[in-house]
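Dear colleague,

Please find below the structure that I am handing over to you. My notes on it follow.

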Amino acid sequence: MASDHIDVLIVGAGLSGVGAACHLRRNCPDKTYAVLEARDAIGGTWDLFRYPGIRSDSDMFTLGYSFKPWTDPKAIADGDAIRRYVRETAREYGVEEHIRFRHRVLRAEWDSATARWTVHAHRDDTGEDVVLTCAFLFACSGYYRYDAGYTPEFPGAERFAGELVHPQHWPEDLDHTGKRVVVIGSGATAVTLVPAMAERAAHVTMLQRSPTYVISLPSRDVVADALRRWLPAKAAYPVVRWKNVLLGTVNFQLSRRAPKLVRSLLLRAAKGRLPAGYDVDRHFSPRYDPWDQRLCVVPDGDLFHAVRAGRASVVTDTVDTFTERGVRLGSGEELPADIVVTATGLNLLALGGMTLAVDGVDVDLAQTVAYKGMMLSGVPNFAMTIGYTNASWTLKADLVATYVCRLLRHLDATGQQVVTPVAPGSGALVPLIDLKSGYVLRSVDALPKQGDRAPWRLHQNYARDVLLMKRGRLVDEGIRFSRATPAAAGARTADAPVA
């Protein structure tokens, strides 16, 4: 059983983990670090998902790193381009040599006597158990379960004679050319798959139980294209980044304050891109308000174009049962299919399945309260990256990594060793993720909570968080700094409730 010690241990080599490592190299060059990655490649989500058309649903000027300009012409980028960008960043900052692949982190145990985490991992390639110790543990594994997507029980699925596929496990040899395809779902994956598969399929039908708001955005940013002709990439990039941040913030705030207005604008835009007389209210008018769930972005209106051209169609109904030839709907209609894709969502898995313990007591995540959306009450020297629900993931990931570097420098400057968030003494607690999407509602009770005021409340506002995370005070009512406490080994302190 191998064992070694590092200053900062990062879990996950995806967009967040690589970014966190780069921030450490830039802002804390004296710290040793390692990145443990369960899979055998850099990229996380962008390496795992390989279904047709896989792309970002955020512009790359905000999904890209703050320190690494996005220079590709497309603002809405495909999965291959994003994966290349993450790998290029890792090479540029020397992160590659610090990544240990096929290391699946199972458990981490904090010891107050030594102010260290002991981290247990398993090497899937050799079968070896690995133990490392670190002073600070940084979870950058997102909150999706990567080994299995969500598929509800469909009656009669075993009778279907065609191919049944989940996007998370796309077969490399699946050929949909000339085939009849039914995509079950209405979220970001479904609206990506339908136009992409419609280019070669005989016909693609998007079968949805209920509609989602769909908005068309240009795949290229005209402001970025103009600025790039006159300014260096490093000068143009932050301008476009802030432009897109502010536009997104206005969109979100307007949706919250005037949902009927935003709803009407979204439906009017969809109607203008669809055939005359199309039943927009049935197929593109959700029962919920805009941003109760994420809006689905279609670059250059590709989904609408496919529907208008007759290569794709949208059906709003329920699945009664699968048949040998396809899917029979609640209305009695049967959709013939050679391939059925169950784009029915993902499962949540906090911290990549890693369990935590503090001084011998297991941490129940559902009983913790998130501090600034990135640390957990009662859990010392630990941070996690959870991106925005209303904007690009990386905007928040950059801020979290920046804040962790500030904390590490503060500990060194003050001679402290430990930083521990504490739960608020009063006030209501609500779910950490405030979306009403099915994948959130299925697992929200197992996730940490947030409070009703700062610093325990998330505001989903990047500009506000820049002031809080980059310029705000490190010492406040929600945090405690201390040194190792040998006398407290095996006992819980009053400031560290994790029951």
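**The parallel sheet**

Strand β8 (residues 180–184) and strand β9 run parallel and are joined by five bridges; two strands pair if DSSP finds at least two bridges between them. Helices (H or I, at least four residues) and strands (E, at least two) are DSSP runs, numbered from the N terminus. Please note that this is a predicted model, in which local features need pLDDT of at least 70 and side-chain atom pairs count only at pLDDT 80 or more, while totals for chains, interfaces and linings use all residues. Residues are numbered from 1 along each chain as its sequence is written, and side-chain values use heavy atoms, with hydrogens and water left out.

Strand β8 in turn pairs in the parallel sense with strand β16 (residues 339–342) over four bridges, and Ile184 stands opposite Thr342 in β16.

Together these pairings belong to an open sheet of five strands with parallel pairing, in the order β7-β16-β8-β9-β12. Its edge strands, each pairing on one side only, are β7 (163–165) and β12. From one strand to the next the twist averages 20°.

Why is strand β9 largely enclosed by the rest of the structure? Five of the six residues of β9 (residues 203–208) are buried, so the strand is largely enclosed. Here buried means under 20% relative accessible area, exposed over 50%, and partly exposed in between (1.4 Å probe, protein chains only).

**Helices**

Helix α5 (residues 188–198) forms a right-handed β-α-β unit with β8 and β9. A crossover is right-handed if, with the strands pointing away from the viewer, the path from the first strand over the helix to the second runs clockwise. Helix α5 lies across β8, β9, β12 and β16, and runs at about 165° to β9. Axes are lines fitted to C-alpha atoms, for helices over the stretch in contact, and angles run from 0 to 180 degrees between N-to-C directions; contact means heavy atoms within 4.5 Å.

Elsewhere, helix α7 (residues 233–257) packs against helix α13 (residues 462–471) at an angle of about 120°, with the axes 9 Å apart. That makes α7 oblique to α13, given that angles under 35 degrees count as roughly parallel, over 145 as roughly antiparallel, 65 to 115 as roughly perpendicular and the rest as oblique. Arg241, Trp242 and Val245 of α7 meet Tyr462, Ala463 and Val466 of α13.

**The antiparallel sheet**

A three-stranded open sheet has antiparallel pairing in the order β13-β14-β15. Strands β13 (319–322) and β15 (334–336) are its edges, each pairing on one side only. The twist here averages 25° from one strand to the next. Three bridges connect β13 to strand β14 (residues 326–329) in the antiparallel sense, and Thr321 has Arg328 of β14 as its bridge partner.

**A buried tyrosine**

Tyr371 lies in strand β19 (residues 370–371). This residue is buried, with a relative accessible area of 0%. Leaving aside residues up to four places away in sequence, Tyr371 touches Tyr403, Pro421, Pro455, Trp456, Leu474, Asp476, Gly478 and Ile479.

With kind regards
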